[in-house]
Amino acid sequence: MQEVAIKILNTGIEELSKIISLFEQAINLQSKSGYKVWNKIDKTVLEKDIENKLQYKIMNGNNILCIFSVQQNDPLIWREKDQNDAIYLHRIVVNQNFKGQKQFEKVLNWGMEYAKQKELKYIRMDTWAENEKLITYYKSFGFRFVENFVTSCSSELPVQNRNLSLALLEMKLEQTI
């Protein structure tokens, strides 16, 4: 059986209800599994990500396998470490129908290629500080733990990212000569 090639494309505003549904399914599953979850998804942030072409989807045929967002800067979370030298991965949500098929690896491979094209030194991300299992998972891909950080209540942050205890993780990329 021939595997259909995956494609990584920007999401479109017409997909917003599907995107919100993927977030709701992930929140429901993680909540049932006893993990800390977002209380609410900031629809306005999702719309801005889509409009600014910062949200992507991994497609296999007509199926959305995973969605994720990127940022070029993240000063509210990374503060003085944000030196225009990293891509920041955010809001990675796997379609539960395709869980266990290494979606994060696909996101990371895309991110590494993107960062290299932009001559960036790091890929950075954050996750719940309390979720050791997820932190260990990201470390297995080469991320290193930087620090724990509690976000502010700033209106500049998405609703779901306010007053959170986060683990900050980064991967230094090999520089090609």
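Predicted model: local features only at pLDDT ≥ 70, side-chain atom pairs only at ≥ 80, totals over all residues.
**Entry: glutamine 55.** I began with strand 2, residues 55-60, where glutamine 55 is found. Is glutamine 55 buried or exposed? I read 0% relative accessibility, so glutamine 55 counts as buried, the cut-off being under 20%. Next I looked for a side-chain partner. The side chain of glutamine 55 makes a polar contact of 2.8 Å with the side chain of threonine 11. I then listed contacts, leaving aside neighbours within four places in sequence. Among those of glutamine 55 are Leu9, Asn10, Thr11, Ile19 and Phe23. The list also includes Ile67, Phe68 and Ser69.

**Entry: helix 2.** This helix covers residues 43-51. Which of its residues are buried? I noted Val45, Leu46, Asp49 and Ile50. Seen down the axis of helix 2, the buried residues fall within an arc of 135 degrees, so they line one face. The general rule is that an α-helix has 3.6 residues a turn, so residues three or four places apart point the same way.

I checked both ends. At the start, a side-chain oxygen of aspartate 42 comes to within 3.2 Å of the backbone nitrogen of threonine 44. Just after helix 2, lysine 53 has a positive phi of about 60 degrees.

**Entry: cysteines.** How many disulfides are there? I counted zero, taking a sulfur pair within 2.5 Å as the rule. Cysteine 66 is buried, at 0% relative accessible area. Cysteine 153 is exposed, at 52%.

Key: Residues numbered from 1 in each chain as written. Heavy atoms only, no water. Helix = DSSP H or I, 4+ residues; strand = E, 2+ residues; numbered from the N terminus. Buried < 20%, exposed > 50% of the residue type's maximum accessible area, 1.4 Å probe, protein only. Polar contact = N/O pair within 3.5 Å; in protein donor to acceptor, adjacent residues only side chain to side chain. Contact = heavy atoms within 4.5 Å. Arc of directions from axis to C-beta.
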